[in-house]
There are 2 protein chains.
Amino acid sequence: MARAATTSDAFNAIAEPRRRDILVLLRDGERAVADLADDLEMTQPQTSKHLRVLREVGLVRVRGAGKQRLYGLEAEGLRPIHEWTGGFEQFWNDSFDRLDAYVQRLAQHPSTRNTDEGDTDD
Amino acid sequence: MARAATTSDAFNAIAEPRRRDILVLLRDGERAVADLADDLEMTQPQTSKHLRVLREVGLVRVRGAGKQRLYGLEAEGLRPIHEWTGGFEQFWNDSFDRLDAYVQRLAQHPSTRNTDEGDTDD
DNA sequence: GCATAATCTGCCCATATAGGCATATGATCG
DNA sequence: CGATCATATGCCTATATGGGCAGATTATGC
């Protein structure tokens, strides 16, 4: 099997830096394809393709405006990712080290529940 | 060009569901390869390969323990992702709709800065 | 309808993947 | 050292990618 399709979910879609760049630009409001392409210094077809992927996973929405197609942010799709990574927040938080130590101690000496430092008094 | 390597950064590394599964399991503590493989119902080589990717992007660390190799979480690498997605939090937050409307109004009628509702008092 | 602007899609290529499987490498113990 | 458990790697295949570029689409205005 090959790698999962970029369109399989938001995780795969935002793995591509250019697509993240697009999303960032769209935070300021709707943008036409050529406009985005210009800002990101990529070709129009390239931009269109990335936008297609983003659209397929629901991270952007399109709206016809005359000859142009305005793409807008549909950021809800990023929420699951934010939440998933959030599930690890404690691990990069300094205070967790202490909490971890506390839990470990608790597991070994339940009665030291209120002991913050040192001695095991049971 | 092909898709960016899975080892190019954490974004690409966690695009693979199995790798996310591995990280989740490691939240409970270090685990040996076969142990992980068993829990995730994947083959040992498969698991080893995913672990290699995770290790190359710094999301896990290894430690030899006898014949075994214990893999542990190194979640700091997820932080950038959490923060990046966090930059879009306002867009999936209900209250943002009102904030957005407020900003729009502000842009059109600067003097309504303190007006929360309706009338333009300048 | 025709010319033109703005996008999209198709095709080709080089590259990398994840899975399956066999085998190499490592470490422990007698 | 040899046997064995625990992992890591190598090789092969099917699949999908992103970039480049030309041509197809769609919409607008005359």
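These notebook entries record what I looked up in the structure shown above.

**Entry 1: ground rules**

I am working with a predicted model, in which local features need pLDDT of at least 70 and side-chain atom pairs count only at pLDDT 80 or more, while totals for chains, interfaces and linings use all residues. Residues are numbered from 1 along each chain as its sequence is written, and chains are lettered from A and ligands numbered from 1 in the order in which they are written.

**Entry 2: chain A as a whole**

I began with the secondary structure, taking helices (H or I, at least four residues) and strands (E, at least two) as DSSP runs numbered from the N terminus. Chain A has 6 helices and 3 strands, and read from the N terminus these follow the order α-α-β-α-α-β-β-α-α.

I then looked up burial, where a residue is buried if 20 or more other C-beta atoms, placed from the backbone, lie within 10 Å of its own, exposed if 12 or fewer, and partly exposed in between. On that count, 24% of the 122 residues of chain A are buried.

For contacts I used the rule that two residues touch if their C-beta atoms, placed from the backbone, lie within 7 Å. Among the contacts in chain A with a separation of 6 or more, 43% join residues 24 or more positions apart.

**Entry 3: Ile14(A)**

I next followed one residue, Ile14(A), which sits in the loop between α1 (10-13) and α2 of chain A. Ile14(A) counts as buried because 26 other C-beta atoms lie within 10 Å. Beyond its neighbours within four places in sequence, Ile14(A) is in contact with Arg19(A), Arg20(A) and Phe11(B).

In chain A, helix α2 (residues 17-26) packs on α3(A) at an angle of about 115°, with the axes 11 Å apart. The crossing of α2(A) with α3(A) is right-handed, a crossing being left-handed if the near helix is turned anticlockwise from the far one by less than a right angle, and right-handed if clockwise.

On the α2(A) side the contact is made by Arg18(A), Asp21(A), Ile22(A) and Leu25(A), and on the α3(A) side by Leu36(A), Asp39(A) and Leu40(A). I sorted residues by class, with Ala, Val, Leu, Ile, Met, Phe, Trp, Tyr, Cys and Pro as nonpolar, Asp, Glu, Lys and Arg as charged, and the others, Gly among them, as polar. The contact of α2(A) with α3(A) then has 4 nonpolar, no polar and 3 charged residues.

I looked up the corresponding helices of chain B, where the axes of α2 (residues 17-26) and α3 (residues 33-40) come within 11 Å and cross at roughly 115°.

**Entry 4: how the two copies meet**

A turn of 180° and a shift of 0.0 Å along the axis give an RMSD of 0.0 Å. The two copies are therefore related as by a two-fold rotation axis. In chain B, the C-alpha nearest this axis belongs to His82(B), at 2.6 Å.

At the interface, 22 residues of chain B are in contact with 22 residues of chain A. On the chain B side, the elements giving two or more residues are α1 (10-13), α5 (79-86) and α6 (89-92), and α5(B) gives the most, with 6 residues. By class, this side has 12 nonpolar, 4 polar and 6 charged residues. Because 95% of the interface residues of chain B are also interface residues in chain A, the copies meet through the same surface.

I counted a residue as near a strand if its C-beta atom, placed from the backbone, lies within 6 Å of it. DNA strand C is surrounded by 28 residues, of which the closest are Ala32(A), Ala34(A), Pro45(A), Ser48(A) and Ala2(B). The elements giving two or more residues to this surface are α3 (33-40), α4 (44-56) and β3 (68-73) of chain A, together with α4 (44-56) of chain B. With 6 residues, α4(A) gives the most.

DNA strand D is surrounded by 29 residues, the closest being Ala2(A), Ala32(B), Ala34(B), Pro45(B) and Ser48(B). Here α4(B) supplies the largest share, 6 residues.

Key. Axes are lines fitted to C-alpha atoms, for helices over the stretch in contact, and angles run from 0 to 180 degrees between N-to-C directions. Copies are superposed by least squares on the C-alpha atoms of residues with pLDDT of at least 70 in both.
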